Amino acid sequence: MAQLSNIAIVGGGIGGLTAALALLRAGLDVDIYEQAPELKEVGAGVQISANGTCVLHALGLAEAVERVSSVPNAKEIRLWNTGQTWKLFDLGAASVGLYGYPYVFMHRRDLHAILAEEVLRLKPEALRLGMQCVGIAQSKTDVTLRFGNGDTVRAALAIGADGVHSKLRESLFGAASPQFTGCIAWRGVVPMERLPPQVSRRCGTNWVGAGGHVVHYPLRRGELMNFVGILERTDWQVESWTVRGTTAELANDFAGWHADVHAIICNVEEPYKWALMVRPPMPRWTQGRITLLGDACHPMLPLLAQGAVMALEDGLVLARCLKTYAGDHVTALARYEAARIARTSRCVNGSADNAQRFHNPNLGNAAGAEAYVTQEWQPERVKERYDWLFTYDATAVPI
Ligand SMILES: Cc1cc2nc3c(=O)[nH]c(=O)nc-3n(C[C@H](O)[C@H](O)[C@H](O)COP(=O)(O)OP(=O)(O)OC[C@H]3O[C@@H](n4cnc5c(N)ncnc54)[C@H](O)[C@@H]3O)c2cc1C
């Protein structure tokens, strides 16, 4: 016998939980169906810029975020081999002054836990674990979801927040055909006390070099250092967050890079690697009573640090649309798409453009790098690249 629920969210990741919380706060009823048997996120960091913390503050999570995040007191660019350093604008206090909200670094598990705790406080039975959605169908009046364990659920609306390999996207629009970028990414987390003092600073660092770049920043109020290393390499094409590599392979990929980079690499005990794929922006996210959010509809390369932030914005804007146009899902979902597709498409394309910028051939030698970095990271250009992102207010954008 099928159960009837109001709004069904498939996927309890950052986007699904944000949408659930925003909907519950708007007085709408939701259930979240997550395939994992227990609630846990991968061990990795995430940067949340002002446009994302704006959403978290609006959802009442300002204090919880402050408790577990790191606020950078600087951001810098460093050259891959010499370590030459260029200071960028201060993102910590300056972000609040410029954009109204802080720029923070968080452990994904902490962000996920904060969202989940608040969802469960508002609706203790909202989250159904071990529920892998394997099929979806809709009629004029409702949506039916089928799960791998044989359960069936009926809902008035369904939201696919099921990530980059979205089952719901495939059901609505067919299989995506991702293109391999020619880049792979390594990630890992290191206890801060293992790092030398010149590396373990409260600073976000972006190392740039011809054919690769490395980003590292502190997590959990400075207890951990998050490491992401991206480089051009074509012999690995598995798009997965959970495939492990070895520390030796990671070190070999960054052979010749500065000792400060290797001071982190040699302490990454569990390095994970995955292939970076691109998918072109989608012109539509909705069909009838089913829509998508987050990586399910706009997966992007992690080169603008906006994937999770866009999922936060999506969740809040979608909840506002469903609340404002309650009873008229056609208008609500059309307004949601109208508010979100152009912006997220710009992020998808902007992230891809950053691969050219961060891996530019000019970065191969110190003289070329000096001219290139000075030109590309001059304050006006940086402002141009980021202001449109950071000034967006998901709580007030017209819907
Ligand atoms: C290395 C790296 C660094 C990044 N850094 C940043 C950053 O600094 N800032 C930033 O904003 N973004 C960053 N991102 C991007 C960000 O992590 C993603 O955009 C974000 O996680 C998307 O959230 P989501 O909720 O849409 O999808 P996900 O986080 O993938 O969540 C999807 C959920 O759906 C569940 N699911 C999947 N299929 C089913 C199914 N069939 N049935 C039920 N449940 C299902 C999954 O188990 C999962 O819990 C980074 C990404 C990478 C890879």
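Helix 9 gives the shell around the ligand its largest share, 3 residues. Helices (H or I, at least four residues) and strands (E, at least two) are DSSP runs numbered from the N terminus. This is a predicted model, where local features need pLDDT of at least 70, side-chain atom pairs count only at pLDDT 80 or more, and totals for chains, interfaces and linings use all residues. Residues are numbered from 1 along each chain as its sequence is written, and side-chain values use heavy atoms, with hydrogens and water left out.

**The shell around the ligand**
- Of the 30 residues around the ligand (a heavy atom within 4 Å), Glu-34, Gln-47, Arg-108, Trp-274 and Asp-295 come nearest.
- Helix 1 (14-25), strand 3 (45-48) and helix 9 (307-324) each supply at least two shell residues.

**Backbone contacts and burial**
- At Ala-308, a polar backbone atom is 2.9 Å from a ligand oxygen.
- Taken alone the ligand exposes 1000 Å², and the protein buries 88% of that (Shrake-Rupley method, 1.4 Å probe).

**Helix 9 and its partner**
- Helix 9 packs with helix 10 (residues 329-358) at about 165°, their axes 8 Å apart; axes are lines fitted to C-alpha atoms over the stretch in contact, and angles run from 0 to 180 degrees between N-to-C directions.
- The two helices are therefore roughly antiparallel (an angle over 145 degrees).

Note on methods:
Polar contact = N/O pair within 3.5 Å; in protein donor to acceptor, adjacent residues only side chain to side chain. Parallel < 35°, antiparallel > 145°, perpendicular 65-115°, else oblique.
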